[in-house]
Amino acid sequence: MSLPDEELRRILADARRIAVVGLGDNPGRPAYSVARYLQKHGYQIAPIHPRDDETLGQRVFRSLEDAAAAGPVDIVDVFRRSDAIPSLVAPCVAIRPRVVWLQVGVRNDAAAEALEAADIPVVQNRCLAVEHNRLAGTP
């Protein structure tokens, strides 16, 4: 399912907290620059990473469930390989974000279908920062 721009605009306007799966403390990684952009535009970031303890001034969580226990997650932004996406379906269904966003180069149609069957929209192979900039008209 492809969400229309108006729906994406509404989700982005209403969202407050974004879990960024794969966000570590390496400033050279795309997840870092996208998360920094999102922070600059007023979003609270909940980094999800197996090893790091802090990044971009935020506590790093080991799982989506841990992040959700600390507060609602509106968007799950994923920087993982496409073959890792099925492992995120159950945690996403458990925490019920408004949308699961798979970054550029990340696509898994079977996982997307499972999420959408649970009434969780999925955006695939698109950069959240680029789309936010396009839809909100902000640099």
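Is Cys-127 buried or exposed? At 13% relative accessibility, Cys-127 counts as buried, where buried means under 20% relative accessible area, exposed over 50% and partly exposed in between, with a 1.4 Å probe and protein chains only.

A quick word on the ground rules. This is a predicted model, with local features needing pLDDT of at least 70 and side-chain atom pairs counting only at pLDDT 80 or more, while totals for chains, interfaces and linings use all residues. Residues are numbered from 1 along each chain as its sequence is written, and side-chain values use heavy atoms, leaving out hydrogens and water.

With a disulfide taken as a pair of cysteine sulfur atoms within 2.5 Å, the count is zero. Here is how the cysteines look:

| Cysteine | Relative accessible area | Nearest cysteine sulfur |
|---|---|---|
| Cys-92 | 1% | Cys-127, 18 Å |
| Cys-127 | 13% | Cys-92, 18 Å |

Helices (H or I, at least four residues) are DSSP runs numbered from the N terminus, as are strands (E, at least two). α4 (residues 86-95) and α5 (residues 109-117) pack at about 10°, axes 9 Å apart; the axes are lines fitted to C-alpha atoms over the stretch in contact, and angles run from 0 to 180 degrees between N-to-C directions. So α4 is roughly parallel to α5, the label for angles under 35 degrees. From α4, Pro-86, Val-89, Cys-92 and Val-93 make the contact (heavy atoms within 4.5 Å), meeting Ala-111, Ala-114 and Leu-115 of α5.

Key: Parallel < 35°, antiparallel > 145°, perpendicular 65-115°, else oblique.
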